[in-house]
Amino acid sequence: MLDLDFHPTGRHFLQIPGPSPVPDRILRAMSLPTIDHRGPEFGALGRKVLADIRKVFKTRHPVVIYPASGTGAWEAALVNTLSPGDAVLMVETGHFAALWQKMAARLGLATEILVAPGSDALLPEAPHWRRGVQPDQIEARLRKDSDKKIKAVCVVHNETSTGALSDIAAVRKAIDAAGHPALLLVDSISGLACADLRHDEWGIDVTVGGSQKGLMLPPGIAFNAISPRALEAAKTARLPRAFWSWDEIVAMNADGYWPTTPNTNLLYGLHEALEMLLGEGLDHVFARHERWAEGVRAAVEAWQLPIQCVEPQRRSPVLTGVIMPAGVDADAVRRLIYERFDLSLGTGLGKVKGRMFRIGHLGDSNDLTLLATLAGCEMGLKLAGVSLAGSGVQAAMDRFAATDAVPRSLAKAA
Ligand code: PLP
């Protein structure tokens, strides 16, 4: 028999930037018996989650739920809105943006990639993986596209591979300033329910989401929030699509059902997650993540290790990328920390493999979970021979102690 419960005592510290730890409340909700997905109870569940998920995307328009990982929802966003050979402008903020571009090219789209300008001594192989999207670059490129060949602009909201949170409202402004009709497609797989996202207000046409990050669910559901313009584009888009096609799903969702078999138990979990997040209040959820991020950044700064994202205002509330000194294999440090302290940290992906690791600070956590995580990092870094300037744990403790866990402005009256 394969023993899957291989963590001997206590809880494993799952501090990768997703999948994030799943709260017991959600695990219990998912343990309910699976029901008939064409029956009346299911319709009530479907209608409730479809209505409430719109509040998380901040949209009045349809949100489609797929039984898929985030990659499926990337594909859905492209195949529902675009036609073979369409020009698509993408911004390589990191590994996930690069993977989305690769997918678009495989689907037969003509992709053009923007990268942030500038060089970097620490990560010469990927200087642009230290910044968010540069909206002025998008505006300049769209202004040159006088015959409006570019059909969509695709950006990643929270780049999970680097820890940069891009300003999507500014991207919308850039598109408008250029007077360009391109659709705006946004990957908020790891931003959703951690950082503010306003699908309607920011004029996003498709927002792509996933279950396994801020929503605190296991992997297995993915989302497309769809604007009226995107729904209109879907009527003439010619990329082949069947399973991902919005039309039948949106039509059946009106009564709370799906054309194919939905993942019922994950929808129980989604229902519970939405109760928790909307009950807490989204502004409070975002403030909580930002506060944890501040504590983690204070720790990394006390160690005097470089934070990957060099734009202070773009540093992610979801994760922090930590660059290792030259000659130190970040994956060897991660392995040591995993083996000694039962703590999982995110690996460096693609171009930055071995050069950095990622600390996830999202979802079902609290100050002490993060302090323990930082303690595991600090011990592991020292054991690996990395010299640290000071105690990051102490710096984070000071930061957490100095700030209210519940921001006063958002605290509910007792
Ligand atoms: N986009 C971002 C920003 C991600 O973080 C991920 C996964 O971590 C993906 C896309 C791909 O999603 P999945 O691995 O769920 O298919």
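**Group meeting: a walk through the model**

Lys-148 is partly exposed, at a relative accessible area of 29%. Keep in mind that this is a predicted model. So where does Lys-148 sit? It is in the loop between α5, residues 135-144, and β5, residues 150-156. Its phi is positive, about 55°, and Lys-148 is not a glycine.

Asp-342 also belongs on this slide. Its phi is near 55°, again a positive value in a residue other than glycine. Asp-342 is found in the loop between α11, residues 330-341, and β12. Is Asp-342 buried or exposed? Buried, because its relative accessible area is 15% and the cut-off for buried is under 20%.

One more backbone item. Gly-18 and Pro-19 are joined by a cis peptide bond, with omega at about 0°. Pro-19 lies in the loop that runs between β1 (13-15) and α1 (24-30).

The side chain of Thr-160 has an N or O atom 2.5 Å from an oxygen atom of the ligand. Asp-187 puts a polar side-chain atom 2.6 Å from a ligand nitrogen. For Gln-212, an N or O atom of the side chain is 2.8 Å from a ligand oxygen. How much of the ligand does the protein bury? Taken alone, the ligand exposes 380 Å², and the protein buries 86% of that.

Next, the packing. In soluble globular proteins, nonpolar side chains tend to be buried together. Here the largest nonpolar core has 87 residues. Which of them touch the most other members? They are Trp-100, Ile-138 and Leu-270. Helix α9, residues 264-280, supplies the largest share of this core, eight residues. A second, separate core has 26 residues, including Leu-305, Ile-337, Leu-381 and Ala-396.

Let me zoom in on Leu-270. Leaving out residues up to four places away in sequence, Leu-270 touches Val-49, Ile-53, Ile-65, Leu-215, Leu-217, Ile-221 and Phe-223.

Met-30 comes next. It is in helix α1. Met-30 is buried, with a relative accessible area of 15%. What does Met-30 touch, not counting residues up to four places away in sequence? Pro-218, Asn-265, Leu-266, Tyr-268 and Gly-269. Met-30 and Glu-272 are 242 residues apart in sequence, yet 8.7 Å apart in space, C-alpha to C-alpha.

Leu-122 gives another such pair. Between Leu-122 and Val-328 there are 206 places in sequence and 13 Å in space, C-alpha to C-alpha. Leu-122 lies in the loop between β4 (110-114) and α5. Its relative accessibility is 34%, so it counts as partly exposed. Beyond residues up to four places away in sequence, Leu-122 touches Arg-130, Pro-306, Ile-323 and Arg-355.

Now a charged residue, Arg-288. It lies in helix α10, residues 282-303. At 14% relative accessibility, Arg-288 counts as buried. Where does its side chain reach? To the backbone oxygen of Gly-363, at 3.3 Å. With neighbours within four places in sequence left aside, Arg-288 is in contact with Leu-277, Glu-280 and Gly-363.

Last stop, Thr-347. This residue is in the loop between β12 (343-345) and β13 (356-360). Thr-347 is buried, because its relative accessible area is 17% and buried means under 20%. Which side chain does it meet in a polar contact? That of Lys-353, at 3.2 Å, side chain to side chain. Lys-353 is also among the residues Thr-347 touches, with Asp-331, Arg-334, Met-356 and Arg-358, when residues up to four places away in sequence are not counted.

To recap the ligand site: Thr-160 is at 2.5 Å, Asp-187 at 2.6 Å and Gln-212 at 2.8 Å. That is the tour.

Conventions. Residues are numbered from 1 along each chain as its sequence is written. This is a predicted model: local features need pLDDT of at least 70, side-chain atom pairs count only at pLDDT 80 or more; totals for chains, interfaces and linings use all residues. Side-chain values use heavy atoms; hydrogens and water are left out. Helices (H or I, at least four residues) and strands (E, at least two) are DSSP runs, numbered from the N terminus. Buried means under 20% relative accessible area, exposed over 50%, partly exposed in between (1.4 Å probe, protein chains only). A polar contact is a pair of N or O atoms within 3.5 Å; within protein, one must be able to donate a hydrogen and the other to accept it, and residues adjacent in sequence count only if both atoms are side-chain atoms. Contact means heavy atoms within 4.5 Å. A nonpolar core is a set of buried Ala, Val, Leu, Ile, Met, Phe, Trp, Tyr and Cys residues joined through side-chain atoms within 4.5 Å. Accessible areas come from the Shrake-Rupley method with a 1.4 Å probe; for residues, only the protein chains shown count as cover.
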